[in-house]
Amino acid sequence: MSNYFNTLPLREKLNQLGVCDFMDSSEFLDGVNALKGKKLVIVGCGAQGLNQGLNLRDSGLNVAYTLRKEAIEGKRDSWKNATENNFTVGTYEELIPTADVVINLTPDKQHTAVVNAVMPLMKQGATLLYSHGFNIVEEGMQIRKDITVIMVAPKCPGSEVRAEYVRGFGVPTLIAVHPENDPEGKGLAQAKAYCVGTGGHRAGVLKSSFVAEVKSDLMGEQTILCGLLQTGSILSFDKMVEKGIDAGYASKLVQYGVEVITEALKHGGVSGMMDRLSNVAKVKAFEISEELKDIMRPLFQKHQDDIMSGEFSRTMMEDWAAGDKNLLAWRAATGETAFEKTPAGDVKIGEQEYFDNYTLMVAFVRAGVELAFETMVQAGIKPESAYYESLHETPLIANTIARKKLFEMNRVISDTAEYGCYLFDYACKPLLADFMTKVDTDLVGKNFNEGKDGSVDNRTLIAINEVLRSHEVEVVGARLRKAMTAMKSIKTA
Amino acid sequence: MSKPVVHITNLNLKYRNKPVLQDLNWTINANENWLVCGTSGSGKTSLAKAIARIGHSYSNIETSFNPQSSLPALAYYVANWFQFKDLEGQSNFYYQQRYNKQSTETTATVKAELESFGKKHALQFNEVDGILAALGFSELKNSTLIQLSSGEHKKLQLVKALWLKPQLLILDLPYNGLDVLSRKNLNLLLEEISEAGSQLILISNETELPSCINRIATIEEGKLVEISADERSWNDIETFDKQVPTFLSEAVINASSEEIIKMINVNISYGEKQVLKDINWEVKAGEKWVLHGHNGSGKSTLLSLICGDHPQAYANDFHLFGNKRGSGESIWEIKERIGLISPELHWYFDPSATVWQSIVSGFYDSSGLFCDPGYSKKAQTDELIHYFGLDEYKNTLMNELPLGKQRLALLARTIVKNPELLILDEPCQGLDQQQTLHFNKLVDELCKNGTTLIYVGHFESQIPGCIEKRILLENGEVNSVEILHKKPILT
């Protein structure tokens with residue numbers, strides 16, 4: 001197998017990277033019809049598998065689960081999830097030959113093994129559905145020519161996929177059809193029907209390609225979503241402790257702060273988040289985020305370049321082959337950081353205090369979101385795709401940090417994202433060493449406005465607002481958010 | 001004379017920027033047990049929370065406790081609604097999540113929850129068992145919090161309070177969701193702790209109260225007014241005293257067969273625990289049923305099957321509107337024909353929707369509004385808003401309203417599409433008696449047009465007159481099915 005993207009001529013690379021169409025709700029008028037009466041068999045029954053299956057069944061579709069023999073015999077969690085909700089469960093041999101659509105919801109790392117096991121069992125003309133394109137694009141998995149290959153990727157954790165469905169809504173979803181495997185031309189209709197089945201069609205569907213999804217997803221998760229949140233959290237905590245701020249307070253500010261701050265991002269984009277600061281704080285956050293962008297730009301570009309060239313996936317797959325040597329070492333090291341080991345103090349921090357006392361994180365988030373977005377767009381990814389993989393997902397990841405710090409974030413995200421996150425973190429911290437020496441507690445730990453008279457120059461403020469509001473991530477974001485206005489707000493502790 | 005337990009001087013309090021309490025004065029002396037009654041939105045809950053110092057402490061509320069007493073020197077408040085958290089301290093749960101089984105448990109068991117509560121307050125563990133038994137809670141000890149129904153959550157809060165025996169106990173609508181026996185036992189337990197030295201403030205509009213209640217008050221125009229038992233009056237009567245909107249008088253179309261519900265040997269179990277056993281039940285179009293049973297008898301589970309909220313519907317022989325469940329229908333096609341209100345629906349309803357959005361969302365069976373409803377639906381909604389007396393709250397967010405007003409909005413939502421099947425699971429929780437009476441009259445009116453009705457209510461006074469059949473559940477089994485000729489008698 002070789003990297004699929006690298007086998008393409010440049011013209012076709014650009015072509016596939018550029019698939020990006022925010023679909024109108026009228027595209028879904030046919031409902032679930034394209035899958036009605038078909039047999040859907042889901043491989044794996046973790047959080048995504050179970051919750052998508054519950055939704056599909058409640059939409060009138062026929063859903064069963066197939067698990068490996070050992071999982072069934074051992075009555076593992078996946079088996080319990082499926083049987084306790086009254087789904088049919090069977091081995092690959094029992095269920096795959098009858099399936100019209102095989103839905104692969106296993107982790108990336110297992111894809112090659114799973115697909116190699118199920119493909120020979122699949123009937124002529126069946127469909128194989130992925131929720132992530134790594135296996136096809138980076139590993140270059142070749143699928144039998146009679147099989148249709150599609151992707152449907154809800155952009156939320158599995159529990160949200162269910163929660164939004166039962167309240168009559170859904171979560172934003174990305175769909176794609178693999179151009180090498182659409183022999184009957186039915187791929188798009190089936191992907192759309194699947195969206196209706198999970199409720200995603202109500203919350204905004206982005207038509208993408210396997211290539212665009214992989215290249216943007218990897219970039220987003222390595223840089224702004226996980227990498228930078230990890231780096232920013234650790235540096236902020238260490239700085240506060242160094243400057244004599246109470247460690248319990250510092251731990252709580254960092255653990256929950258990023259969630260509160262990015263909640264504003266979710267509703268009003270980067271400018272909405274910046275608007276939560278006082279004028280003086282906003283000017284300062286703007287200045288340091290500009291500086292942060294300049295410092296980190298080469299690193300963001302390197303990550304994007306390595307993702308495009310396949311260098312990233314090559315080195316990660318080497319680590320897979322080495323039994324996850326690097327991944328496990330980095331994971332252990334993250335667990336040993338002072339931030340991870342210091343429990344949040346029993347202090348009350350008000351919602352506004354998270355902004356006023358954590359201006360540094362606001363600057364990190366602005367710099368990271370804009371840089372990730374800009375770098376992706378420069379590399380040929382369309383703005384809508386770049387928005388989903390940068391700004392849109394940041395609050396979702398921040399929510400995992402609020403739950404159980406970096407441990408939880410790295411547990412919830414895929415191993416691929418986790419690997420990329422550590423890679424970024426280790427490269428980013430040294431880059432920021434000089435910058436951090438200049439940071440004091442007014443930016444992190446204490447109220448920035450304290451002891452300042454609060455006045456700013458009108459023209460400076462207007463110029464800053466103009467720069468923030470006219471950034472392309474804001475323009476695209478305003479349009480996409482309109483279609484997602486009903487997104488529930490994440491409850492904070 | 002000893003110092004008063006609570007002394008309030010000129011308390012002014014706003015609820016979401018609207019003044020509710022104005023120069024309120026109140027003195028609670030030793031040995032007094034108060035009932036605070038009155039209309040929804042008069043400020044009862046705000047007052048209770050202020051006394052318990054929830055969220056904020058006020059300098060014009062003085063509380064002084066008896067230093068000689070062995071009981072905890074604090075004012076403990078039991079909310080009208082429950083709230084629980086998962087093991088990570090979050091409360092991000094969703095509607096009917098308890099029916100979707102996930103192998104990884106994320107909430108504590110009742111037992112663990114009680115143990116941590118007891119430890120925190122240094123309580124004797126042998127004392128809690130009697131309380132659990134009296135409220136019919138013993139069997140739930142090994143359940144996890146997510147599995148509990150709203151009524152059971154409410155009971156768990158009461159169990160904790162009764163076990164704690166604080167010097168001042170404030171209970172906000174404690175009888176909501178409790179069956180007849182539990183209410184009786186709750187009163188006995190309250191009398192017991194009052195005997196032991198706890199003083200009570202009870203917020204309720206019920207008439208069956210613990211005998212130790214010796215003072216009654218209501219809140220009028222922001223001030224506390226003491227009244228006698230006979231003076232308990234209801235002044236919210238204008239609410240439903242209007243012509244029923246015409247679109248609700250149109251005959252409902254029973255598009256399907258005569259048979260609305262048909263269950264054949266329906267069984268529901270979680271692991272070893274069987275919740276419904278061999279249920280056989282048929283409901284024909286136009287029939288008016290009351291569903292009775294104690295807390296925990298399986299009523300909620302039975303209704304969740306009908307509303308498309310229970311995954312085990314797919315494993316049973318069960319027909320809805322003439323079609324077998326699991327034969328290709330979506331739950332949205334089912335919900336489209338049902339108007340539902342239940343404690344769970346209320347609890348998990350989108351708090352950030354406005355009253356108007358909440359009511360319109362009844363056309364789409366969603367929690368919150370996600371599309372433009374078009375002219376005729378908007379017009380019907382406006383008519384109903386006026387009918388329910390909610391005009392001035394039209395654009396208010398649900399979470400800015402007191403419970404009773406929220407409930408009125410959700411009742412409007414339930415009937416806005418004039419559905420063929422109405423499922424009213426304790427519809428009048430949080431309403432006062434007059435509002436309840438009017439709502440039931442409205443239900444009678446709707447039912448003249450061929451609507452099928454399933455009604456759940458623990459209070460005899462809350463059953464509409466049109467009811468003609470009764471099904472009684474006991475421990476998950478059908479105990480009896482009977483035709484009624486007059487108002488049902490509760491067991």
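At 40% relative accessibility, T106(B) counts as partly exposed, a value that, like the others reported here, was computed from a predicted model. T106(B) is placed in the loop that runs between β5 (75–78) and α2 (110–120) of chain B, where, apart from neighbours within four places in sequence, its contacts are D86(B) and L87(B). The C-alpha atoms of T106(B) and I146(B) are 8.4 Å apart, although 40 residues separate the two in sequence.

Because its relative accessibility is 13%, and the cut-off for burial is under 20%, E393(A) counts as buried. When residues up to four places away in sequence are set aside, E393(A) touches K155(A), L225(A) and Y388(A). In chain B, D425(B) belongs to strand β16 (residues 421–425) and is buried without a salt bridge, the nearest side chain of opposite charge being that of K299(B), at 6.8 Å. Beyond four places in sequence, the contacts of D425(B) include S300(B), L303(B), I341(B) and V456(B).

Helix α12 (residues 247–274) of chain A comprises 28 residues, yet its end C-alpha atoms are only 26 Å apart, whereas a straight helix would reach 40 Å. A kink of about 130°, centred on G268(A), is present in α12(A). The N-terminal end of α12(A) is capped by D246(A), of which a side-chain oxygen lies 3.2 Å from the backbone nitrogen of G248(A). Since 25 of its 28 residues are buried, α12(A) is largely enclosed by the rest of the structure.

Over all chains, 56 salt bridges were counted. One of them joins K239(A) to E242(A), with the closest N and O atoms 3.6 Å apart; the two residues are 3 apart in helix α11 (residues 210–242) of chain A, and are therefore separated by about one helical turn. Within this pair, K239(A) is buried at 5% relative accessibility, while E242(A) is exposed at 54%. A salt bridge also forms between the side chains of E384(A) and R479(A), at 2.6 Å from N to O. As E384(A) lies in helix α19 and R479(A) in helix α24 (residues 472–482) of chain A, this pair ties together parts that are 95 residues apart in sequence. E384(A) is buried, at 16%, and R479(A) is partly exposed, at 44%. In chain B, D372(B) and K378(B) meet in a salt bridge at 3.6 Å, with D372(B) exposed at 61% and K378(B) partly exposed at 32%. Finally, a network of salt bridges links E290(A), K293(A), D294(A), R297(A), R366(A), E370(A) and E374(A).

Notes: Residues are numbered from 1 along each chain as its sequence is written. Chains are lettered from A and ligands numbered from 1 in the order in which they are written. This is a predicted model: local features need pLDDT of at least 70, side-chain atom pairs count only at pLDDT 80 or more; totals for chains, interfaces and linings use all residues. Side-chain values use heavy atoms; hydrogens and water are left out. Helices (H or I, at least four residues) and strands (E, at least two) are DSSP runs, numbered from the N terminus. The expected span of a helix is 1.5 Å times one less than its number of residues. The bend at a residue is the angle between axes fitted to the seven residues ending there and the seven starting there. Buried means under 20% relative accessible area, exposed over 50%, partly exposed in between (1.4 Å probe, protein chains only). A polar contact is a pair of N or O atoms within 3.5 Å; within protein, one must be able to donate a hydrogen and the other to accept it, and residues adjacent in sequence count only if both atoms are side-chain atoms. Lys and Arg count as positive and Asp and Glu as negative; His and the chain ends are not counted. A salt bridge is a side-chain nitrogen of Lys or Arg within 4 Å of a carboxyl oxygen of Asp or Glu. Contact means heavy atoms within 4.5 Å.
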